[in-house]
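Colleague: Please walk me through this model. I'd like to start with the pockets.

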Amino acid sequence: MKFSSKLLSTLLIAQCAFVFAKSEADAIFYGGDIVTMNKSQATAEAVAVQDGKILKVGSLAQLKTLQGQGTKLINLNGQTLMPGLVEPHVHIIGTAFSEEIFLNLSNFTMPHDTLDSLVAKLTAYSKKFKDGEWINAFGVDPSRTEPFMSELTADILDKVSTTKPIFVMNQSMHIAYVNHKALEMAGLTDSSPDPKGGKLLKDSKGRLTGVVYEAPAFYLFLDKMPPPTQEVVEQAVAKVGQRLVSKGVTTSAEITVGGYLGVDKEYALFNAMTQSGKLPVRVRGYMYSNAYPTTNNKYKPGQGDDTFKLIGVKIVADGSNQGLTGAMSRPYDYPAGTSNTGTLNFTEQELYDLAKPRFDEGWQLSVHSNGDKSIEQTLNVFAKLVTKPADAKTRLRIEHFTVPTEAQIDKAAKLGVVPGFTIGHTDYWGEAFHDHLLGAERADRIDPSASLIKRGMRFAYHSDSPVSPIHPLKYASEGAARLWQVSPQKVLNPSQKISINNALKAITIDAAYQLKMDDKIGSIEEGKYADFAIVNRNPMKTDAYKIRDIAVNETWVNGRQVFKKQ
């Protein structure tokens, strides 16, 4: 076939027109501070977006050359543009159940609840149910209840009802409380053995107290409950999605895929809801080890796309420190004279046997370890897995890493571990840890951000929602200020306070690094996704404690607005 010169010219003109058109920005943001979290270009005057990605970052004069007839000029009007915030440890479905489907008893304000106020709330709620119908609630926290460490029991819950089974999840998600009707419906008696990995607490006379530890024990009750409909679950998940974007979050983890509905159902739900936009954030999924398919030929590391992708496996190695179940090397300080050192969910060999196959398959491992005894166990297992320098690049995660020793931080640094802190420990529970549960020396070791920075380590802040509220700017405030909530307020170990810049890294670029997405999100750089949070004040110019008061006015994902404050 021969082309005429006229046809060839036409094709060349069309191609040039296409190239020119593609150089035009879809939108240009300007007119306010721009915090890029890109160390090589910390600030800018304007950001140009095209096809859901960042086209150019620079001066407004430079970017005006990218303006075309269809370009939207978005004046920030003095607001601050930041990268979309990253939440690397959330139980999205767990939050949907705990805060939307169950009665939410969480109280992160002052004053604390009392046993009487909790019973009153449960009693009022119970009137909605018939005899034999399950009453489910979440958010009771003895360390934030008056009198201090007051705990629900079967006898106390019987005051709410003896004819309706009651299941109340502790705020930590490692303890639950049931009444005698629930024990009956679960078929449990005083002679029932503990399920493997769980515990049914008994009193000095060998009677069940109604207090149970860890997921294997929870399932004894959850399996007896009728599951909510797909519609109810999706509506609850959508509400959690709106909460995420209202706080500026554009990428979140689901840290326990399969923990509630099984892997197949939850994978399908996340895939459908992220693709449709009903869940308007990017999601990185970690399969819950207890739900990992016995024979897995269906799910592979990296399966999915940048909207929803499976990348890891989550293992829970101990409990929670505020619940006195995090595994410590020496006993808790509360109650006086106790021998309780918390709970290891596995022997070291069992943890290795669980982790090794998943590591070899290429999954990113995420191991929940709060106490220093559990942290030591997890690091020992990691040391057996990391046998060559390239292994450290797998970015092994230790979740919470709450009370490590300096020697353990050294080990973690050597192994390339990327810890994640539930930094709200310093705020909501700081006084309880320092004055009652752990004592000053161990409480001062909580969430040691500055110690990690000295070793050149990267780490992330998270909520572990529903354990603490989703609010990344507050996490940054907590990491930089470390001021506890209970009056009189004090700083929990001033030597561990970090700069605002480093605290913001823990909710942006370093959180993205932990999720293996730092090449695509976490900073405002050319070629990355146009995921932004627009806030009413520049956090870099705000007092560390007051960063929590900054309002998110808009959130953008893929160059599209997904939230606007009303």
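Modeller: The second largest pocket is lined by 18 residues, and Met37, Asn38, Lys39, Lys505 and Ile509 lie nearest its centre. A pocket here is an open set of points on a 1 Å grid over the protein atoms alone, where a 1.4 Å probe fits, with protein on both sides within 12 Å along at least five of seven lines; lining residues have an atom within 4 Å of a point. This is a predicted model, where local features need pLDDT of at least 70 and side-chain atom pairs pLDDT 80 or more, while totals for chains, interfaces and linings use all residues. Residues are numbered from 1 along each chain as its sequence is written, and side-chain values use heavy atoms, leaving out hydrogens and water.

Colleague: Which helices each supply at least two residues of that lining?

Modeller: α17 (500-505) and α18 (509-514) do. Helices are DSSP runs of H or I with at least four residues, strands are E runs of at least two, and both are numbered from the N terminus.

Colleague: What classes of residue are in the lining of the second largest pocket?

Modeller: It has 6 nonpolar, 6 polar and 6 charged residues. Asp, Glu, Lys and Arg count as charged, Ala, Val, Leu, Ile, Met, Phe, Trp, Tyr, Cys and Pro as nonpolar, and the others, Gly among them, as polar.

Colleague: And how many residues line the largest pocket?

Modeller: The largest pocket is lined by 49 residues, with Phe218, Tyr219, Leu222, Gly259 and Tyr260 nearest its centre. By class, its lining holds 27 nonpolar, 15 polar and 7 charged residues.

Colleague: Which element gives the largest share of the lining of the largest pocket?

Modeller: α7 does, with 5 residues. Elements that each supply at least two residues of this lining include α3 (92-101), α7 (215-222), α8 (230-246) and the strand β18 (308-316).

Colleague: You named α3 and α8. At what angle do α3 and α8 pack?

Modeller: The angle between α3 and α8 is about 100°, with the axes 8 Å apart. Axes are lines fitted to C-alpha atoms over the stretch in contact, and angles run from 0 to 180 degrees between N-to-C directions. The two helices α3 and α8 are therefore roughly perpendicular to each other. That label covers 65 to 115 degrees; under 35 is roughly parallel, over 145 roughly antiparallel, and the rest oblique.

Colleague: Which residues of α3 and α8 meet?

Modeller: Among them are Ile92, Ile93, Ala96 and Phe97 in α3, and Val232, Val233, Ala236 and Val240 in α8. Contact means heavy atoms within 4.5 Å. The contact of α3 with α8 has 10 nonpolar, 1 polar and 4 charged residues.

Colleague: How about α10 and α11, at what angle do they cross?

Modeller: Helix α10 (residues 348-361) and helix α11 (residues 372-385) cross at roughly 45°, and their axes come within 10 Å. So α10 and α11 are oblique to each other. The α10 side of the contact includes Leu351, Tyr352 and Phe359, and the α11 side includes Thr378, Val381 and Leu385. By class, there are 6 nonpolar, 3 polar and 3 charged residues in the contact of α10 with α11.

Colleague: What about α11 and α12?

Modeller: α11 packs with helix α12 (residues 406-415) at about 30°, with their axes 10 Å apart. This makes α11 roughly parallel to α12. Among the residues that meet are Ile375 and Leu379 in α11, and Ala412 and Leu415 in α12.

Colleague: New topic. Is the peptide bond from Met110 to Pro111 cis or trans?

Modeller: The bond from Met110 to Pro111 is cis, with omega near 0°. Pro111 sits in the loop between β7 (103-104) and β8 (113-114). A cis peptide bond also joins Ser487 and Pro488, where omega is about -5°. Pro488 is in the loop between α16 (472-481) and α17.

Colleague: And Met149, is its phi positive or negative?

Modeller: Phi of Met149 is positive, near 65°, in a residue other than glycine. Met149 lies in the loop between β10 (145-146) and α5 (154-157).
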